[in-house]
Amino acid sequence: MPLFDVYPLYNVTPVSGKDIYVYDENSTEYLDLYGGHAVISIGHAHPNYVEAVTNQVKTLGFYSNAIQNPLQVELADKIEALSGCKDYELFLCNSGAEANENALKLASFKTGKSRVIAFKNGFHGRTSAAVAATDNPNIVAPINAQQKVTILELNDILGVKAELEKGDVCAVIVEFIQGVGGLDQGTSDFFEQVYALCKTNNTMFIADEVQSGYGRSGKFFAFQYYNVTPDIISIAKGMGNGFPIGGILIHPDIEAKYGMLGTTFGGNHLACAAGLAVLNTIEEENLIDNVNAMSEYFISIAKTIPEIKNIKGRGLMLGLEFDFEVGDLRKKLIYDYHIFTGGASNKKLLRILPPLTIKKEHINQFFEALKKAL
Ligand SMILES: Cc1ncc(COP(=O)(O)O)c(C=O)c1O
């Protein structure tokens with residue numbers, strides 16, 4: 001049976017990985033500055049992770065959400081401790097789209113309203129309401145287009161005010177650093193005013209931290225650069241270092257009811273073991289400090305390369321903007337220099353999303369190759 005052909009593939013077949021590198025079937029080493037799309041947080045095959053997942057699968061890999069699962073409680077406590085987000089409650093699911101879908105659903109349950117405000121170039125996933133809130137008509141099917149979503153320009157505070165005052169908006173969903181869109185960020189004023197407007201208009205403020213969360217921005221969450229307290233925070237990608245796990249942190253103003261949300265696989269034992277290994281490693285190896293140090297180092301070198309016209313993003317969620325489309329450059333970096341980088345909707349932007357364990361030597365390796373490739 002052929003695979004449903006939805007992904008344009010690079011002709012590379014990674015079969016193993018170790019920290020910042022992956023290896024193909026001929027043992028060729030590739031430097032991974034893409035992190036499998038911002039997923040690999042603590043490095044490929046980190047020993048803590050391998051041990052935790054191996055031990056868990058040997059004992060109990062899965063049971064449903066109908067029983068006590070102390071690993072979920074441990075994971076929730078650890079997220080609270082590392083993020084500093086006190087008093088939130090955790091609901092676990094399996095992916096970023098599912099996290100946002102549940103966030104939007106909760107906002108609608110809580111407010112009794114159904115319209116969503118999202119932003120130009122935003123990406124929130126491919127399920128029903130999440131994809132409708134994503135600014136890409138090519139991936140919105142007619143069944144998704146039934147959702148009521150208004151897409152506004154980032155920083156258009158008057159637009160947000162006018163829409164919220166109509167009284168039918170259940171949620172504003174925000175990426176504090178746009179991932180797929182190309183690393184654009186709103187201003188502090190904008191985010192803080194949107195948050196204030198949500199408060200006065202009975203609208204839930206959702207922080208989509210699926211990509212920017214878990215330390216990638218240089219703080220545990222990117223929203224923590226601003227003076228806002230989201231009602232719901234969505235998480236996924238870096239949370240499981242490749243094991244599918246997602247979740248939402250829910251402000252206690254939103255009260256849980258039995259049956260309100262649910263999932264078969266979400267929060268299973270194996271996913272929790274993976275999630276705990278990630279958080280323990282972020283803590284033990286001071287990976288958020290490393291993100292800040294390596295970000296500074298990366299940017300300092302990027303600034304010396306004349307072809308780089310603009311450096312965007314924060315932490316290890318960075319974009320290098322050129323005055324030409326980077327598709328061929330990315331291919332050259334992969335095939336000639338064995339380095340993975342990411343692309344974005346902004347075709348002139350090279351995205352850098354490495355494991356948070358990256359060191360100076362890897363950054364040097366990248367820039368030497370980039371200079372030659374340019
Ligand atoms: C900000 C953001 N939200 C949501 C998603 C969707 O996550 P998933 O692909 O796990 O459904 C992504 C994926 O790239 C993302 O970057």
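## Core, domains and ligand shell

The largest nonpolar core has 110 residues, and those with the most contacts inside it are Val116, Ala171, Val172, Ile206, Ile232 and Ala274. Helix H8 (residues 269-284) gives the most to this core, with ten residues. Because domain 1 (14-41 + 287-373) and domain 2 (48-284) both contribute residues, the core lies between them. In soluble globular proteins, nonpolar side chains tend to be buried together. The model is a predicted one.

Ile232 shows what such contacts look like in sequence terms. Leaving aside neighbours within four places in sequence, Ile232 is in contact with Ala103, Leu106, Ala107, Met204, Ile206, Ile248, Leu249, Ile250 and His251. Among these partners is Ile206, itself listed with the residues that have the most contacts inside the core.

The chain is divided into two domains, of which domain 1 is made of two segments, 14-41 and 287-373, and domain 2 covers 48-284. Taken over C-alpha atoms, their centres are separated by 26 Å. The contact takes 23 residues from domain 1 and 23 residues from domain 2. The table lists the elements that give two or more residues to the side of domain 1 that touches domain 2.

| Element | Residues |
|---|---|
| Helix H1 | residues 35-38 |
| Helix H9 | residues 287-302 |
| Strand E11 | residues 310-314 |
| Strand E12 | residues 317-321 |

H9 gives the most to this side of domain 1, with five residues. By class, the residues of the side of domain 1 that touches domain 2 divide into twelve nonpolar, nine polar and two charged.

An open sheet is formed by four strands in the order E1-E2-E3-E13, with mixed pairing. Strand E1 (14-18) and strand E13 (339-340) stand at the edges and each has a single partner strand, so one side of each is left without a neighbour in the sheet. E1 pairs with strand E2 (residues 21-24) in the antiparallel sense, over four bridges. The bridge partner of Ser16 in E2 is Tyr23.

Which residues come nearest to the ligand? Of the 14 residues around the ligand, these are Ser95, Gly96, Ala97, Gly125 and Val210. Helix H4 (residues 96-111) gives the most to the shell, with three residues. By class, the shell around the ligand has five nonpolar, seven polar and two charged residues.

Conventions: Residues are numbered from 1 along each chain as its sequence is written. This is a predicted model: local features need pLDDT of at least 70, side-chain atom pairs count only at pLDDT 80 or more; totals for chains, interfaces and linings use all residues. A residue is near a molecule or strand if its C-beta atom, placed from the backbone, lies within 6 Å of it. Ala, Val, Leu, Ile, Met, Phe, Trp, Tyr, Cys and Pro count as nonpolar, Asp, Glu, Lys and Arg as charged, and the others, Gly among them, as polar. A nonpolar core is a set of buried Ala, Val, Leu, Ile, Met, Phe, Trp, Tyr and Cys residues joined through C-beta atoms within 7 Å. A residue is buried if 20 or more other C-beta atoms lie within 10 Å of its own, exposed if 12 or fewer, and partly exposed in between; C-beta atoms are placed from the backbone. Domain bounds come from an automatic or database domain assignment. Two residues are in contact if their C-beta atoms, placed from the backbone, lie within 7 Å. Two strands pair if DSSP finds at least two bridges between them.
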